[in-house]
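Hello,

Here is the structure we spoke about, with the sequence alongside. My notes on what was found follow below.

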Amino acid sequence: MRKQRGKYPELIIKIIQDSDIILEILDARFIEETRNLEIEGEIIKQDKKLIYVLNKSDLLLNPKLKKINLSPSILISCKKRGEIKKLRNLIKISSKKIKKQFEEKIIVGIIGYPNTGKSSLINLLIGKNSAGVGSEAGFTRGIQKLRLDEDIMLLDSPGVIPEEKYSHTEKEKISKQTIAGGRSYSQVKDPELVVAKLILDYPQILEKFYNIQTQGDSEILIEELGRKKGFLKKGGFVDENRTAKFILRDWQTGEIKI
């Protein structure tokens, strides 16, 4: 992630410059956490059309109760294919309002936080698997240009964590990145710390999912779950690292809904 990070902002700026419409793909569970206000400011500065696309609505316990204060915005689920047709129509309606020279195509740039489902969305929009899809954050590493129809092209891009939210050393920021899907559970050096943040923010949800009374203590959750799953080291001690990553995997793959 650190090696690639330096060139990503340049790619995003180029996508904004080349695009007529920008789709910012956000995680419906973590709208504010996955927004990039700096990039949004650049979009506004360049007077480009911005549409907020809130993906992973299937991971919300009750999507109808989700309060959304962004406009225009649309709540979708790539996994359930919910509202994809509505989004496609919104793109086409917005594109017709943009004046271009004869035979010039409308360019729709797709940007967002890592692992919010940008490539999956593109594949659904165009109806085939043209954009690479990965389950781990950071899968897309360059710009991909794909055709939506005869008049509209889509630009995929790598996921970018906002500068103020990114860190590879600050534990609090790393925990937030992981919870929001910006850093893969398999890449976290101290998964126990992220689980501690999870149990602090979502105690009842984790207790109900694993059927373990934690008293708000992540160590109790890891100890009891590790023994239930048989994640033990020599001497019968719970493998805390393996158990914590197991919890984070459940979280990032959407097994646990909020």
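**Helices and a cavity in the predicted model**

Just after helix H7, Gly-181 takes a positive phi of about 90°. Please keep in mind that this is a predicted model.

H7 itself spans residues 171-179, and its buried residues are Ile-174, Ser-175, Gln-177, Thr-178 and Ile-179. What covers them includes two other helices, H8 (191-201) and H11 (240-252). As background, an α-helix has 3.6 residues a turn, so residues three or four places apart point the same way.

H11 also packs against helix H10, which covers residues 218-229. The axes of H10 and H11 lie 9 Å apart, at an angle of about 95°. An angle from 65 to 115 degrees counts as roughly perpendicular, and H10 and H11 are therefore roughly perpendicular to each other. On the H10 side, the contact is made by Leu-221, Ile-222, Leu-225, Gly-226 and Lys-229. They meet Glu-240, Thr-243, Ala-244, Phe-246 and Ile-247 of H11. By class, this contact of H10 with H11 has 6 nonpolar, 2 polar and 2 charged residues.

The structure holds 1 cavity of 30 Å³ or more. About 40 Å³ of space lies in the largest cavity. Which residues line the largest cavity? The lining is formed by Ile-12, Glu-24, Asn-36, Ile-39, Ile-111, Gly-112, Tyr-113, Pro-158 and Val-160. Sorted by class, the lining of the largest cavity has 6 nonpolar residues, 2 polar and 1 charged.

Regards

Definitions and conventions:
Residues numbered from 1 in each chain as written. Predicted model: local features only at pLDDT ≥ 70, side-chain atom pairs only at ≥ 80, totals over all residues. Heavy atoms only, no water. Buried < 20%, exposed > 50% of the residue type's maximum accessible area, 1.4 Å probe, protein only. Helix = DSSP H or I, 4+ residues; strand = E, 2+ residues; numbered from the N terminus. Contact = heavy atoms within 4.5 Å. 1 Å grid on protein atoms, 1.4 Å probe; cavity = no way out; pocket = protein on both sides within 12 Å on 5 of 7 lines; lining within 4 Å. Points joined across faces, edges and corners; volume = space filled by probe spheres on them. Nonpolar A, V, L, I, M, F, W, Y, C, P; charged D, E, K, R; others polar. Axes fitted to C-alpha atoms, helices over the stretch in contact; angles between N-to-C directions. Parallel < 35°, antiparallel > 145°, perpendicular 65-115°, else oblique.
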